[in-house]
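Here is a short tour for anyone meeting this protein model for the first time. Have a look at the sequence and the fold, then read on.

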Amino acid sequence: MSGLFILIVPACLAVGLCIGWCGVAGFLLPILFVSKCGFDSAQSLFLSFSCFLVSGLIGAYNYYRRKELPLGRLKPLLAGSLAGALLGAVIGQIFVSGYIKLVLYIVVLFSGLMIFVQDMLTRGKQTEREKIHPAALFVLGIFTAMICALSGAGGPVIVMPLLVVLGFPIRAAVGTALFDSVFIAIPAILVYGSQADLAGIASAVIPAALLSHAVGIYVGSRTAGHIPQRPLKLGVAAFSVLFALWKLFL
């Protein structure tokens, strides 16, 4: 059990820190829990989405305090995410396929490339569309949440780059994606938790993972306002492209 703590505590802390800064890195948790900790799929997804619920609540609150979370226009996105996550988690109970992760990596690659394209077209200037059609946000919520619930991605790794492409400022996109991850995590926790054997991890592993992840997301989301927006946006794009290429071709 001590070996698990050596893996889980620093990893959850580091992932929480990265999510707080730029919204990206949550997908590393299910990979860690399955490949390094030896948890089965249901345990890994339950624990991962529990962490994403914590990071979504803490991170979104800190972004909201800085007025970087535009709550007024997010209802369609959140409604779509809730429905998509429930659908994805239910499908995930009975259908597990490598094609799901393939779709995830392709979407991550496309999102990163589109951020680079947008930056070149605007020459680095921050642009924001005054209005995005609610139907587009609803469809975005369903599509991204279903993929996330099936694959174990927290949500921001897909949602945040796509929001930037739609015209959200980078920090508003991160804050929105963090809040959206709450609505993805809740159905996933309920569904995967109902089929996971939690007896072996509930007493020690779950509290350690959630606490360390909470510390990381708190520090990351509190200090994110000091990071320049354009380097952060390009850093997220580069990370997304490199990660997707690594998973697709290596």
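## A lone salt bridge

A salt bridge is a side-chain nitrogen of Lys or Arg within 4 Å of a carboxyl oxygen of Asp or Glu. Searching the whole structure turns up one salt bridge. Its partners are Glu68 and Arg66, whose side chains meet at 3.0 Å, N to O. Side chains of opposite charge can pair when their charged atoms come close.

How covered up are the two partners? Buried means under 20% relative accessible area, exposed over 50%, and partly exposed in between (1.4 Å probe, protein chains only). Glu68 counts as buried because its relative accessibility is 15%, while Arg66, at 26%, counts as partly exposed.

## Where the numbers come from

This is a predicted model, in which local features need pLDDT of at least 70 and side-chain atom pairs count only at pLDDT 80 or more, while totals for chains, interfaces and linings use all residues. Residues are numbered from 1 along each chain as its sequence is written, and side-chain values use heavy atoms, with hydrogens and water left out.

## Two helices crossing

Helices here are DSSP runs (H or I, at least four residues), numbered from the N terminus. Helix H2 (residues 28–35) packs against helix H3 (residues 41–65) at an angle of about 145°, and their axes are 9 Å apart. The axes are lines fitted to C-alpha atoms over the stretch in contact, and angles run from 0 to 180 degrees between N-to-C directions.

On the H2 side, Leu29, Pro30, Phe33 and Val34 meet Ser44, Leu47, Ser48, Cys51 and Phe52 from H3; contact means heavy atoms within 4.5 Å. Take Ser48 in helix H3: leaving out residues up to four places away in sequence, Ser48 touches Leu29, Pro30 and Phe33. Ser48 counts as buried because its relative accessibility is 0%.

## A nonpolar patch

Leu13, Leu211, Val215, Tyr218 and Val219 make a nonpolar surface patch of about 440 Å². Such a patch joins nonpolar side chains (Val, Leu, Ile, Met, Phe, Trp, Tyr) within 5 Å, from residues with over 30% relative accessible area and no salt bridge. The areas come from the Shrake-Rupley method with a 1.4 Å probe; for residues, only the protein chains shown count as cover. Helix H9 (residues 205–223) gives the most to the patch, with four residues.

Tyr218 sits in helix H9 and is partly exposed, at 41% relative accessibility. Leu13 belongs to helix H1 (residues 2–22) and is also partly exposed, at 36%. Beyond its neighbours within four places in sequence, Leu13 is in contact with Ser212, His213, Val215 and Gly216.

Conventions: Patches are made of residues with over 30% relative accessible area and no salt bridge: like charges are joined within 9 Å, nonpolar side chains (Val, Leu, Ile, Met, Phe, Trp, Tyr) within 5 Å.
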